[in-house]
Amino acid sequence: MSDFALLSMLSPIYLLAQDAAAGAAKEAFVWSTLVNQAVNGIGIVGILLLTSMGLAITFGVMRIINLAHGEFIMLGAYITFWMQDVFKMDLLLTIPFAFLGTAIVGAIVELTIIRRLYGRPLETLLATWGLSIVLQGVIKLIFTAQLKYVKAPAYLSGSIDFLKGEGGATLVSISYYRFFIIAIALALLAITMYLFYGTSWGRQIRSVTQNRSMSQCLGVNTKLVDMGTFAYGCGLAGVAGAVISALKTVSPPMGQDYLVDSWMVVVTGGVDKLVGILAGSFLIGESNAIIAFILNDPTARVIVLGAVIVLIRYRPEGLFTVQKRS
Amino acid sequence: MSKSPIFSSGFSRRKFLQYSSLAAGTSVLAACTSGGSGGTESADVGENPIKVGVMYSTTGTIAIVEKSLQDATFLAIEQINTGTGPWQGKGEGIGGRKIEKVVVNPDSNWDLYNQMSKRLIDEDKVVCVLGCYTSASRKSVLPVFEEKDSLLYYPVYYEGNECSSNVFYTGAAPNQQITDSTPYCKENFGPKGFFIGSDYIYPKESNRIAKAELEKAGGQVVGDEYAALGTTEFITIINKIQAAKPDFVLSNLVGDSIPAFYRQFKDAGITSADIPIMAYPTTEEEIQAMGPEYSAGHYTSFNYFQSVDTPENKAFVEQFQAMFGDSRVTNGVMEAAYLQTFFMAQAMDDVLKGGKEIGTESLREATRGQEFSAPQGRVKMDPDNYHTYLYSRIGKWKEDGQAEIVFSTDAAVKPIPWSQALYKGRTCVHPAPDDRSDPTKETGKDLVPEFLKS
């Protein structure tokens with residue numbers, strides 16, 4: 001049933017793609033361009049993966065409806081901007097500080113707001129949403145509403161060419177910076193998975209999310225675990241903000257843009273497993289890239305969002321969730 | 001576990017929907033309340049001040065631009081009230097009466113512009129309003145100003161094709177920005193143009209005109225792409241540009257999208273020597289935000305650049321930086337917001353000198369034909385179509401974030417509100433005195449560019 005629905009929904013896109021492909025077949029270069037687009041789509045995937053990882057922790061693991069996720073990304077970007085502006089630091093060197101800075105803010109938020117609201121999703125939703133407005137306002141007061149400039153490291157400019165056409169024209173390539181984003185995202189995912197599945201801290205986190213009172217009985221300091229996990233999730237969002245700041249625009253409302261994408265990725269991939277966000281971001285990033293190439297950007301967004309809604313209707317637990325007995 | 005694992009704490013999807021719609025509802029409410037803030041300033045404005053509305057968003061997505069327009073407007077009002085800057089020697093205020101600014105913040109929300117303008121006119125009883133940036137906000141308030149017969153001074157380059165007895169347009173009309181830049185691109189870069197823009201009324205209309213102008217000049221449109229307002233991911237559009245191999249890109253992207261696009265354009269390995277970008281909304285402010293190394297070698301067509309060499313501009317930049325800080329830059333929209341405040345003040349001065357009361361009708365008639373030595377040069381409010389005689393310039397961005405002016409008209413160009421490539425021979429002539437009848441006039445022939453005689 002669900003598979004059929006998915007197919008019938010996708011068929012208009014398939015037909016459109018066929019039409020476009022038939023029209024484009026007259027021009028020979030289009031296939032290499034399409035391949036290039038798919039390769040570039042990986043660049044979008046990297047950004048989605050990086051920006052949604054923090055949410056995969058705060059929502060996926062801790063089940064906090066965190067509407068301030070985008071603002072933690074924004075905070076990371078502003079920490080990078082501030083450190084570059086004041087200490088003239090290289091972007092790479094600011095990443096640990098962006099992590100620490102946003103993690104500390106995250107810990108304070110957990111201590112003062114989130115802690116009092118576990119098990120009360122409505123209040124959490126309103127509180128984090130209010131928090132996002134406050135954070136935007138505070139940043140605007142400190143740094144003004146002007147767009148900010150973050151310098152990209154010079155050694156990360158240029159691109160890797162995979163395929164050259166006649167006359168040396170580059171047909172398929174990806175820029176070093178996008179490649180760097182993908183590498184950082186995958187490295188962070190690996191570290192996070194190790195922390196969650198390979199250390200005792202990770203076991204504690206999982207036991208707390210599964211059964212809080214039982215974990216308490218067994219001597220787990222649940223309050224500390226909660227604070228640490230939330231701070232870690234916020235720290236990851238901060239790293240994302242620091243890394244993308246050189247490619248995107250730094251301004252107080254910038255986080256809003258990533259909030260929706262992050263939610264789509266986490267919900268599509270499946271909230272239970274961290275590896276789900278890898279699949280979610282790949283699926284959303286690549287389908288966005290390909291549909292946008294065939295049609296155009298705004299249409300691609302509409303189609304992908306629509307597809308995610310239909311998917312959630314038939315698989316509310318996302319694509320990659322372990323089957324559980326009900 | 002019997003429940004969906006997403007909401008293990010007894011939180012059903014229906015509840016989630018209820019709560020999130022509640023959150024969305026509250027967000028509208030919050031926007032309204034924050035938009036309602038502002039109001040009359042407390043500074044000493046003396047006896048019998050003249051009330052003027054200032055309507056720019058200082059919160060929300062467009063705040064990035066509109067805040068700087070508000071700053072430029074505040075500078076002008078401050079200079080008028082203290083008798084400094086261009087107002088030197090005219091005394092404090094206008095005929096002894098100071099300007100009292102009534103400041104509202106529409107929170108980048110088109111509906112709120114409409115409500116705020118009603119409030120300014122009905123409750124605050126301002127004589128006119130300085131404000132708006134996007135075409136969407138102007139279209140939102142236009143019916144209010146026309147219905148209540150009040151005046152709006154609008155400082156932004158726009159897509160044209162509009163004339164109203166209730167709006168004075170002090171930004172560029174199509175023939176002061178697009179008409180010179182498209183043939184320039186064709187001659188200097190080549191015939192093939194790729195057009196991009198943000199997905200809303202101004203970029204689409206502006207590109208429609210630019211495409212028509214390019215084809216009229218014998219060029220060829222090889223691509224036309226739009227990105228949702230606020231998009232910062234341009235990899236697809238850049239890939240399409242690479243595939244289409246144009247001689248130049250014409251960009252009407254606005255706001256946050258601009259720095260992201262230029263950065264990713266260079267990051268994708270395209271230099272300004274390969275494919276130069278000719279842009280309209282990319283100004284000093286956005287260049288500063290993206291870093292000048294990304295914009296060097298690209299072009300912008302505008303009436304004003306911070307590097308324009310006039311004594312008025314030198315004074316303007318100095319006074320602006322003295323008030324708002326040395327790191328700030330000035331740009332064409334800010335300059336228009338600045339000069340329109342002086343158009344308004346000079347007109348008020350003339351009304352008072354003529355022994356009349358400042359009202360919509362007297363102010364409108366007095367504003368027609370006003371001249372002012374603006375930072376960009378001598379400009380004039382066209383008495384016929386209420387647009388402004390402005391210089392047309394093209395700047396090439398340098399490594400230091402300032403523009404080298406590679407093209408400039410010798411004098412300010414007479415505005416033609418309707419694009420002549422799309423609507424041949426159409427213009428507006430408001431009758432004098434203005435009885436608010438339809439000003440559209442079909443001449444049926446090509447309108448020759450006219451210049452302001454000094």
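Helices (H or I, at least four residues) and strands (E, at least two) are DSSP runs, numbered from the N terminus. This is a predicted model, in which local features need pLDDT of at least 70 and side-chain atom pairs count only at pLDDT 80 or more, while totals for chains, interfaces and linings use all residues. Residues are numbered from 1 along each chain as its sequence is written, and chains are lettered from A and ligands numbered from 1 in the order in which they are written.

**Loops of chain B**

Select B:Pro433, in the loop between β17 (426-428) and β18 (440-442) of chain B. The peptide bond that joins B:Ala432 to B:Pro433 is cis, and its omega is near -10°. Most peptide bonds are trans, and most residues other than glycine have a negative phi.

Proceed to B:Lys125, located in the loop between α3 (110-122) and β4 (128-131) of chain B. Phi of B:Lys125 is positive, near 50°, in a residue other than glycine. B:Lys125 is exposed because 11 other C-beta atoms lie within 10 Å; a residue is exposed at 12 or fewer such neighbours, buried at 20 or more, and partly exposed in between, with C-beta atoms placed from the backbone.

Next, select B:Asp149, in the loop between α4 (135-147) and β5 (151-154) of chain B. B:Asp149 is not a glycine, yet has a positive phi of about 45°. With 14 other C-beta atoms within 10 Å, B:Asp149 is partly exposed.

**Strand β7 of chain B**

Select residues 192-198 of chain B, which form strand β7; 6 of its 7 residues are buried. β7(B) pairs with strand β8 (residues 220-227) of chain B in the parallel sense, over 7 bridges; two strands pair if DSSP finds at least two bridges between them. Within this pairing, B:Phe195 stands opposite B:Asp224 in β8(B). From β7(B) the chain passes through helix α6 (residues 201-216) of chain B to β8(B), a right-handed β-α-β crossover: with the strands pointing away from the viewer, the path from the first strand over the helix to the second runs clockwise.

β7(B) also pairs in the parallel sense with strand β9 (residues 248-252) of chain B, over 5 bridges. There, B:Ile196 stands opposite B:Ser251 in β9(B).

**Annotated spans of chain A**

Turn to chain A, where UniProt (unreviewed entry) places the feature "transmembrane region" at several spans, including residues 230-250 and 290-312. UniProt positions follow the numbering used here, feature names are shortened, and annotations may be inferred rather than shown by experiment. Residues 230-250 of chain A are 71% helix and 0% strand, with end C-alpha atoms 24 Å apart. Residues 290-312 of chain A are 91% helix and 0% strand, and their end C-alpha atoms lie 22 Å apart.
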